[in-house]
Structures are given as structure tokens and as C-alpha cells.
Amino acid sequence: MTLVLTGASAGAWSAASTAAFETAPRGRPGLAPDADADAQVHPAAKRPASLYRAAEPETSEAVLELVGVSLSFGGVAALSEVDLSVRRGEILAIIGPNGAGKSSIVNVISGVYPPDRGHVRLKGQRYGQVPTQKLARLGVARTFQNLALFPGLSVLDNVVAGRAHRARSSFIEQLAGFGRAKRERLDARERAADVIDFLQLSPLSERLVGTLPYGLQKRVELARALVAEPDILLLDEPMAGMTATEKNEMAGFVTAARDRFGTTVVLIEHDIGVVMSLSDRVAVFDHGRRIALGTPAEVQRDQRVIDAYLGVAEDENAGEGEEL
Ligand SMILES: Nc1ncnc2c1ncn2[C@@H]1O[C@H](COP(=O)(O)OP(=O)(O)O)[C@@H](O)[C@H]1O
Ligand SMILES: [Mg+2]
């Protein structure tokens with residue numbers, strides 16, 4: 001079955017979500033009724049509902065904020081007066097049609113673009129432009145919409161590269177290869193091996209990344225981001241181009257990573273089923289504006305969201321008007 005999200009219809013929303021839930025993981029109890037989906041979820045991701053309380057308002061604490069952020073390219077307003085507050089430990093999904101400004105948000109948070117107006121608040125500091133070179137030290141790691149790995153290096157070496165910012169040894173020490181530099185290198189490899197194991201990539205550790213299927217390369221990218229031990233993980237379409245099985249696995253790993261490391265996750269994703277089952281909150285964007293923010297259930301009911309984005313689910317039976 002193929003799902004095509006196009007125009008707008010409340011009825012189709014339920015069709016789209018139901019269909020997507022069939023392949024969605026059981027990251028959050030009660031949202032994915034399909035018991036078989038459990039098989040795909042990382043063991044660490046299977047947690048009782050009480051552990052998700054971190055995202056409730058009374059315990060919330062903003063670890064990252066965008067305040068009045070506007071960004072334009074030539075005449076195109078990529079972001080218009082965007083306010084967004086991300087709570088510690090939550091998985092916040094950002095959804096919206098192509099060109100809605102999703103990647104621009106991640107690029108502003110990671111300092112790739114300075115906003116024309118507004119600022120980003122990270123670790124209590126206010127930044128007109130986030131210093132990209134200090135991003136890892138500010139506790140932020142990201143993955144890219146298009147893979148940004150070293151295809152000619154092994155999985156292990158790619159993941160080790162995610163700890164480059166931790167090196168305290170001097171260039172000379174690193175050249176000489178002993179003392180502090182050696183300890184750092186061993187430590188980086190040990191931590192990389194840990195994360196590789198956590199993401200079930202150990203058998204592939206020595207494989208060149210370029211020889212791996214796309215879905216596994218995306219997982220290596222997640223490993224490289226996680227090895228930096230980030231407080232905040234920005235994932236730009238980590239499941240794009242994946243099969244349903246790969247998406248379920250990835251969703252399980254994202255939840256498991258949040259649970260194990262306490263990492264706050266900002267996730268851009270197109271698959272509504274994945275988003276609804278994985279996220280604590282969902283921010284919906286359209287034409288550079290935030291048009292809704294709430295729990296998956298709240299957003300799912302929001303008429304502006306239905307009109308702007310959620311659209312019509314079409315499959316082979318669509319012409320017959322069959323509800324899925
Ligand atoms: N580097 C850029 N140069 C010119 N226009 C850009 C650039 N990046 C984004 N845009 C434009 O900004 C808008 C938002 O883009 P983007 O944030 O990539 O959207 P999304 O990730 O939601 O698909 C689009 O109209 C896009 O064409
Ligand atoms: Mg994008």
C-alpha cells in the first residue's frame with residue numbers, strides 16, 4: 001500500500017494515521033495498538049508509560065528555545081517569527097510540507113544560518129548566531145537530511161569522528177601518539193564501540209560505510225551523533241528513504257537513546273505514523289510559520305493542521321472511498 005499525503009480532509013487523516021500506525025513502533029503505550037510492532041522495538045525502548053512524565057508541564061524545563069526567529073533567502077521567508085521551546089528529555093517532532101522551514105530550524109539552531117531577527121537560547125545563553133564550531137561543546141549534535149558520512153572510512157572510524165571535539169591534546173601530542181593523545185584515542189574508540197553496540201551495528205564495525213545499505217548508513221549517522229554524548233540531538237529526516245521495517249527500528253533506537261542517555265530529541269520526520277507514536281509533542285509548520293504545537297492527539301485534531309498538511313491518504317482503494 002502506498003500513502004500519498006496531498007490535499008486536506010479530516011476523514012483522510014484518520015485513514016492516514018491508522019494505516020501508518022500499522023507500521024509504527026510501540027514507542028509510547030496506547031498509541032500503537034498493534035502488538036506485533038513490539039518485535040521491532042529496541043528492548044531499552046520498552047518502558048512503562050510513567051517514564052514519559054518528563055515531558056509533562058510541571059516538570060518541564062526549556063533546554064532550547066527559539067525566540068521570534070525569522071530567516072529569509074532573497075525574497076523567500078523560510079521562517080517567520082518562530083517561537084519554539086524544547087523541554088528537557090522530550091522527543092519533539094517538527095512536521096510540515098516540503099519548504100515549510102523544518103530544515104531551516106535545525107540550521108538556525110546549529111548555527112549554519114544566522115536568523116535575520118530573533119535569537120536562540122541554549123544552556124541559558126542567548127545567541128544571535130549559534131557558534132557552529134562550539135556546537136558540540138554546547139551539547140548539541142545533529143544529523144543531516146542528506147547523509148554526511150565518510151564513505152571510505154569504516155563504521156568505527158566514522159563514529160569515532162563524532163568525538164573529535166573532545167580532544168584536549170595538542171596537535172604535536174596527537175602526532176607523537178602517546179600520553180594524553182593516546183588515552184583520548186583509546187577512550188574515543190571505546191565509547192564509539194559502546195554506541196555501535198547499543199545501535200546493534202557491532203558486526204559491521206569494520207565495514208566501509210559506503211558499502212552499507214542506506215538505512216544502515218543513517219543508523220551510523222545516529223551513532224556518530226550519539227557518541228558526542230549530546231544533551232540535544234537534532235535529527236533531520238533520519239528515516240527518509242527507509243523501508244517500514246527500517247523506520248520501526250530507527251524509531252526504536254531514537255526512543256532508546258532518549259531513555260538511556262536522557263537526550264532531548266528534535267526530530268524532523270515525514271511519516272505521520274512514526275511521528276505520532278514516537279513524539280511527546282509535535283510542532284507543525286507551514287510556509288515558515290508554526291501553525292500548531294501540542295501532543296500528537298491535540299495536533300491530530302487541529303483543523304489548521306488538517307487543512308495545511310495532513311491531507312488525503314490515497315491508495316489503490318482510494319477511488320472506492322474505503323476507510324482503512
Ligand atoms: N540555502 C538556501 N538558499 C535559498 N533558499 C533556501 C535555502 N534553504 C532553504 N531555502 C528555502 O527556504 C524555504 C524553507 O526550506 P527548508 O527549511 O529546507 O524547508 P523544509 O525542510 O521544511 O522542506 C524553502 O522555500 C527553501 O527553498
Ligand atoms: Mg528539509
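Student: Which strand holds Ser80 in this predicted model?
Tutor: Start with the element around the residue. β2 covers residues 76–87. Ser80 is found in strand β2.

Student: Is Ser80 buried, exposed or partly exposed?
Tutor: Count the C-beta neighbours inside 10 Å: Ser80 has 18. Buried needs 20 or more, and exposed needs 12 or fewer. Ser80 therefore counts as partly exposed.

Student: What share of the contacts with a separation of 6 or more comes from residues 24 or more positions apart?
Tutor: Take the whole protein here. It has ten helices and ten strands. Among contacts with a separation of 6 or more, the share from residues 24 or more positions apart is 70%.

Student: How many bridges pair β1 with β2?
Tutor: β1 spans residues 62–73 and runs antiparallel to β2. The two form a hairpin with two residues between them, and Gly74 in the turn has a positive phi of about 60°. Leu64 stands opposite Val86 in β2. The number of bridges between β1 and β2 is eight.

Student: In β4, which residue is the bridge partner of Val67?
Tutor: β1 also pairs with β4, residues 117–122. That pairing is antiparallel, over five bridges. In β4, the partner of Val67 is His119.

Student: Which element gives the most to the shell around ligand 1?
Tutor: The shell includes Phe73, Val76, Gly101, Lys102, Ser103 and Ser104. Two elements, β2 and α2 (102–109), each supply at least two residues. With three residues, the element that gives the most is α2.

Student: How many residues of the shell around ligand 1 are charged?
Tutor: Sort the shell by residue type. Four are nonpolar and six are polar. Lys102 is in the shell, and Lys counts as charged. The number of charged residues is one.

Student: How many of the eight residues of α2 are buried?
Tutor: The buried residues of α2 include Lys102, Ser104 and Ile105. Asn107 and Ile109 are also among them. Just after α2, Gly111 takes a positive phi of about 80°. The helix is mostly covered, and its buried count is seven.

Student: Why is β9 largely enclosed by the rest of the structure?
Tutor: β9 covers residues 281–286. A residue is buried if 20 or more other C-beta atoms lie within 10 Å of its own. β9 is largely enclosed because its buried residues number five of the six.

Student: In the hairpin of β9 and β10, which residue takes a positive phi near 50°?
Tutor: Two residues lie between these strands. The residue with that positive phi is His287.

Student: What span does α6 reach from its first C-alpha to its last?
Tutor: α6 runs over residues 214–226 and has 13 residues. At 1.5 Å a residue, 18 Å is expected. The model comes close to that, at 19 Å.

Definitions and conventions:
Residues are numbered from 1 along each chain as its sequence is written. Chains are lettered from A and ligands numbered from 1 in the order in which they are written. This is a predicted model: local features need pLDDT of at least 70, side-chain atom pairs count only at pLDDT 80 or more; totals for chains, interfaces and linings use all residues. Helices (H or I, at least four residues) and strands (E, at least two) are DSSP runs, numbered from the N terminus. Two residues are in contact if their C-beta atoms, placed from the backbone, lie within 7 Å. A residue is near a molecule or strand if its C-beta atom, placed from the backbone, lies within 6 Å of it. Two strands pair if DSSP finds at least two bridges between them. The expected span of a helix is 1.5 Å times one less than its number of residues.
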